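Here is a short briefing on one protein model. Keep the structure open while you read. Each topic has its own group of points.

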Amino acid sequence: MSTLAGVVASTGGFLYEHLADELGQAIDRGALRAGDRLPSVRRLAQERSVSVATVLEAYLRLENAGLIEVRPKSGHFVRRRGVQTAEPRAARACTTPAKVTVSDAYTKILSAMRDPELLPLGCATLDAAYLPIGALNRIITQVTREMTTVGARYEAAPGLLTLRRQVARRAVEAGATLTENDLCTTIGATEGLSLALRAIAQPGDVIAVESPAYFGVLQAIEGLGMRALEIPAHPRHGLDVGAFEDIVRTQRVQALMIAPTVSNPIGSVMPDEERERLVKLTRRLDLPVIEDDIYGELVFDGSRPRSLRSFAGPSEDSHVVLVSSVSKTLAPGYRVGWIAGGRWHDQIVRLKYGQSLACPTLPGMAVAEFLASGGYDRHLRRLRTALAGNVERYREAIVTQFPEGTRVSAPRGGFVLWVELPLGVDALTLHEQALRKRIVVAPGPLFSARQRFTNFIRISAGTPWSERIADGIKTLARLVARD
């Protein structure tokens, strides 16, 4: 047995994964430097006593991670990494709430997502190549074969027990002690956010949000007749807790909506000490917090930051409502989400009955089985590696091709980039110009209740790098330079 095969036998996983990890570590510690040529596929296969297919899979994994590149007729080489550029500037604080009006533009973006002819640089969705849809669909086939009456009754709120148990088990990794009785399943995280808002606030109430904020959050606030108060967020550290504390001294706020782990669109991750500070502050003020954790398992380094909920005390009395789903990691079309409602749990279950009664049974069963099987963790390891490399490729292309004065975020996870364009470039005009070139970008004003960020766009790196993507970014760069 080869040394590599012995490692696999003792630790599990695939040969190509271990080989890719070993080479990746050699690159990280500098044993392999930028520009170094890697051994040929056949030579490495002979040296490690593995198949040529195993080496090809390992090299493809490293290529997708942005660590190596293929040069025609020359072989595989270590790529230059870590393109440096200034990050986008944080927003200024707002002292008064605003009525939200993002629905029209939001609808246009969603419509563009359905057109396969458009280059999806504005849509925060993952390409099917990154998702285990085949494995999930096989589980559904097996379930329907073994349980012939599945789907014959409603799986009414609080929802599928096996799914809630698996979600509660995984919550421990983020420091939150939950049981199945603390959870209610939802039709994606979108329904969870809406249920939380309806349980906690009334039309006309003020909801504090990060600035910039995910436009789906703003659309939910708008749809319920509430107002948004924008709190500045830093591209690396997230919500400015000091600014939030200053604002709530003078403004009546009914709740805070926040994504502390990989905020969309800036990709920030709040440090633990700031999370604890925020939870203590909101507990003292008796101010509800709605935590959006949908990107929580997509931090590139594989860490799982503690959720705000984990700092908030006993589940039944928690003032932090935790919302998440598998839409960014497994299957957006399955619409499988959940909410841990804390002190509002019973009310949320009643609202769920009135809003949609139940969630689809089969997708929930498939996700629960996939979570229980161990396949999810293996999938996440591959996904994080691939997304980290893809984000860096997109970022490098923007930094090197967009005009001087462009600033690009350096997210710690997820798959979107927040791009500040030179002064004078109008993001809404750029959005329309790009659409005429069959490219979708998300204009910055969508991420603000006050339509700020007029020279910002969000770029999604959820599609594997290709010549089509490269051409699309070049086209965007020319449009920006012309503006």
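Two strands pair if DSSP finds at least two bridges between them. With that in mind, Trp-418 has Arg-458 as its bridge partner in strand β17. Note that this is a predicted model.

- Strands of a sheet pair through backbone hydrogen bonds, either parallel or antiparallel.
- Here, an open sheet of 4 strands runs in the order β13-β14-β17-β16, and the pairing is antiparallel.
- β13 (407–408) and β16 stand at the edges with a single partner strand each, so one side of each has no neighbour in the sheet.
- β14 (residues 416–420) pairs with β17 over 5 bridges, in the antiparallel sense.
- β16 (residues 442–443) also pairs with β17 in the antiparallel sense, over 2 bridges.
- In that pairing, Pro-443 stands opposite Ile-457 of β17.

**The nonpolar cores**

- The largest nonpolar core has 118 residues.
- Leu-121, Ile-221 and Ile-459 have the most contacts inside this core.
- Helix α14 (residues 375–401) gives the most to the core, with 9 residues.
- Which residues does Ile-459 contact, leaving aside its neighbours within four places in sequence? Among them are Leu-121, Tyr-394, Ile-398, Phe-415, Val-441 and Leu-476.
- Val-416, Leu-417 and Val-419 are also in contact with Ile-459.
- A second, separate core has 22 residues, including Ile-231, Leu-256, Ile-258 and Leu-281.

**Aromatic rings**

- How many aromatic pairs does the structure hold? There are 8.
- Tyr-214 has 25% relative accessibility, so it counts as partly exposed.
- Phe-215 has 4% relative accessibility, so it counts as buried.
- The rings of Phe-453 and Phe-456 also have their centres 5.3 Å apart, but their planes are at 80°, so this pair is edge-to-face.
- Phe-453 and Phe-456 are both buried.
- One aromatic cluster is formed by Tyr-214, Phe-215, Trp-418, Phe-447, Phe-453 and Phe-456.
- A charged residue meets a ring too: Arg-306 lies over the face of Phe-311, at 3.8 Å from the ring centre.

**Helix α15**

- An α-helix has 3.6 residues a turn, so residues three or four places apart point the same way.
- α15 covers residues 427–436, and its buried residues are Ala-427, Leu-430, His-431, Gln-433 and Ala-434.
- Asp-426 caps the N-terminal end of α15.
- A side-chain oxygen of Asp-426 lies 3.3 Å from the backbone nitrogen of Leu-428.
- Just after α15, Arg-438 takes a positive phi of about 70°.

Terms used. Residues are numbered from 1 along each chain as its sequence is written. Side-chain values use heavy atoms; hydrogens and water are left out. Rings of Phe, Tyr and Trp (its six-membered ring) pair if their centres lie within 6.5 Å; planes under 30 degrees apart count as stacked, over 60 as edge-to-face and the rest as tilted. Buried means under 20% relative accessible area, exposed over 50%, partly exposed in between (1.4 Å probe, protein chains only). A charge sits over a ring if NZ of Lys or CZ of Arg is within 6 Å of the ring centre and within 35 degrees of the ring normal. A nonpolar core is a set of buried Ala, Val, Leu, Ile, Met, Phe, Trp, Tyr and Cys residues joined through side-chain atoms within 4.5 Å. Contact means heavy atoms within 4.5 Å. A polar contact is a pair of N or O atoms within 3.5 Å; within protein, one must be able to donate a hydrogen and the other to accept it, and residues adjacent in sequence count only if both atoms are side-chain atoms.
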